[in-house]
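Here is a short report for a first look. Please view the sequence and the model together.

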Amino acid sequence: MTQRHGGAILAGQLKIQGVTRVYSVPGESFLAALDGLYESGIQNVVCRQEGGAAMMAEAHGKLTGRPGVAFVTRGPGATNASSGLHVAMQDSTPMILFVGQIARAHRDREAFQEVDYRQMFGGLVKWVAEIDQTDRLPEYIARAFQIAQSGRPGPVVLALPEDMLSAMTDVADRPAAQPARAMPAPADVARIVQMLGQAKRPLVVAGGPGWSAQAAADMQRFAEGMDLPVAVPFRRQDYVNNDSAHYAGDLGVGMNPALAKRLKDADLLLVIGARVGDILTDGYTSLDPSNLGKTLIHAHPSPDEPGHVYAPDFALACDSEALIAALADAGGRAGDWAGWRAQARADYEAWQTPKETPGPVKMEQVIGWLSENLPHDAILTNGAGNYAAFVHRYYRFRSYKTQVAPTSGSMGYGFPASIAAKLAHPERTVICFAGDGCFQMTCNEMSTAIQHGAAVIVIVVNNGKYGTIRMHQEKTYPGRVSGTMIANPDFAALARAYGGYGQTVTRTEDFAAAFKQAQAAGVLSVIELQLDDEVLSTGMTLSETRAIGESAN
């Protein structure tokens with residue numbers, strides 16, 4: 001058997017696991033891994049900051065259902081990358097982060113950039129380990145892929161001592177991981193159908209990990225067969241075709257008040273794959289954890305999730321895709337709730353009626369134009385901020401995996417995610433929405449996009465402030481503005497400085513032409529939308545928000 005250094009063993013194992021692309025910021029602590037990648041055929045996308053690299057890897061995991069992989073160096077590199085790990089954990093995304101580490105003989109001396117990664121990441125990821133023996137690299141890597149994809153998917157961290165990684169050994173490779181899937185029993189499926197049949201006002205909540213285009217199609221078939229209204233959790237709007245008469249909207253931040261009321265009024269909730277947490281329940285106000293007052297069926301890939309907050313009447317730990325297919329095949333009949341389902345759809349369509357915002361650039365019209373003109377397979381990414389609420393409210397997602405956004409609410413996520421999306425699907429249109437504050441957290445990755453040919457279109461929504469925090473500030477401390485105003489560059493000029501295309505839009509009627517020019521440019525493009533200072537959210541201006549705060553105080 002041929003002797004190989006640890007970096008070559010690692011790269012070989014990644015190929016066996018099906019990895020074709022990794023994201024990295026280089027460090028001297030994992031030079032052997034970089035050497036292993038050199039001849040592996042695996043693309044190494046070099047990034048500008050470890051947070052961006054980790055977010056790209058997380059977005060890759062979201063898009064593919066396979067673990068996204070990132071490499072960062074020890075100490076500061078690992079701490080920077082933790083933001084992407086937090087997204088992966090809260091979003092249930094499979095991901096593996098490899099971290100360079102000091103030599104084994106230098107441990108516990110506070111050596112240069114030394115960190116105990118088990119302690120640092122212990123509560124943030126599914127599993128963290130440090131590999132001490134070169135010949136155990138295949139074992140640890142195979143286990144990392146297994147854990148990242150099993151049950152409720154999530155992130156794994158493997159620390160790589162530099163002397164372990166450069167040492168030679170003749171260990172054999174491990175086969176590709178085969179994550180176990182818990183399948184629903186026929187009796188469980190029959191029980192769900194029977195319980196649905198006894199309901200008067202059922203509501204399906206479909207989300208979480210383990211979905212696919214086939215699962216989305218089967219969910220549509222199931223909803224149509226039993227004439228069920230289907231809502232989705234925060235930033236899972238692409239799980240159901242939004243044009244469907246059975247789609248009722250999203251239970252996210254700034255949700256439709258009519259949908260929040262429908263969640264309260266339902267007499268049966270069938271939750272498939274989603275966690276029932278604070279966002280879905282509007283801070284636990286739509287559903288009372290101590291007195292639910294309705295039947296709850298909760299199916300989730302992890303047995304630890306049903307009952308975590310809300311006590312279910314029927315709990316299943318099973319694969320969501322398999323359960324949805326089985327429910328669609330079960331042939332259940334609709335009950336006496338046609339009017340309930342029709343009203344749920346009517347409420348969604350009424351919510352989509354644009355509410356005019358002040359100023360010459362109107363976000364509701366920009367999103368409406370994109371919803372009508374983008375191809376149905378276009379991918380939209382975003383980070384966090386009030387600007388994203390316009391996308392949630394006015395854009396219709398019609399195909400699975402066209403929305404890539406952090407349920408963790410991480411600012412700066414949208415742009416790195418768009419780069420990963422464009423590299424994974426270069427033939428598709430990829431749009432990143434970012435606020436002026438959100439974009440500046442990761443806009444240095446424009447260099448990464450240019451270097452690797454990721455021709456994404458970034459729409460920067462510029463209102464000169466951290467809008468979400470300003471909204472809460474005005475409600476709580478009206479007129480006392482502190483720490484929420486920001487100075488901005490000329491974003492279009494900044495894009496051009498990186499070698500991309502940039503344009504500034506100050507009137508709604510100029511947006512369509514600017515967008516078409518960005519498409520034609522064929523490179524990274526930035527369209528800056530300059531919003532009126534009064535624009536704060538989809539439903540409230542700055543002055544109106546301040547008035548609410550003044551009346552409350």
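The sections below cover the model, its cores, a strand pair and a helix pair.

## The model

This is a predicted model, in which local features need pLDDT of at least 70, side-chain atom pairs count only at pLDDT 80 or more, and totals for chains, interfaces and linings use all residues. Residues are numbered from 1 along each chain as its sequence is written, and side-chain values use heavy atoms, without hydrogens and water.

## Two cores

A nonpolar core is a set of buried Ala, Val, Leu, Ile, Met, Phe, Trp, Tyr and Cys residues joined through side-chain atoms within 4.5 Å. Buried means under 20% relative accessible area, with a 1.4 Å probe and protein chains only. The largest such core has 57 residues. Ile 192, Met 219, Phe 222, Leu 270 and Leu 327 have the most contacts inside it. Helix α9 (residues 213-226) gives the most to this core: six residues. Helices are DSSP runs (H or I, at least four residues), and strands are too (E, at least two).

A second, separate core has 51 residues, including Met 95 and Phe 491.

## A strand pair

Strands β13 (residues 295-300) and β14 pair in the parallel sense over four bridges; pairing takes at least two DSSP bridges. Leu 316 in β14 is the bridge partner of Ala 299. Along β14 (residues 314-317), Phe 314 and Leu 316 point to one face and are buried.

## A helix pair

Which residues of α18 meet α21? They are Arg 470, Met 471, Glu 474 and Lys 475. Their partners in α21 are Leu 542, Thr 545, Arg 546 and Gly 549. Contact means heavy atoms within 4.5 Å.

Technical notes: Buried means under 20% relative accessible area, exposed over 50%, partly exposed in between (1.4 Å probe, protein chains only).
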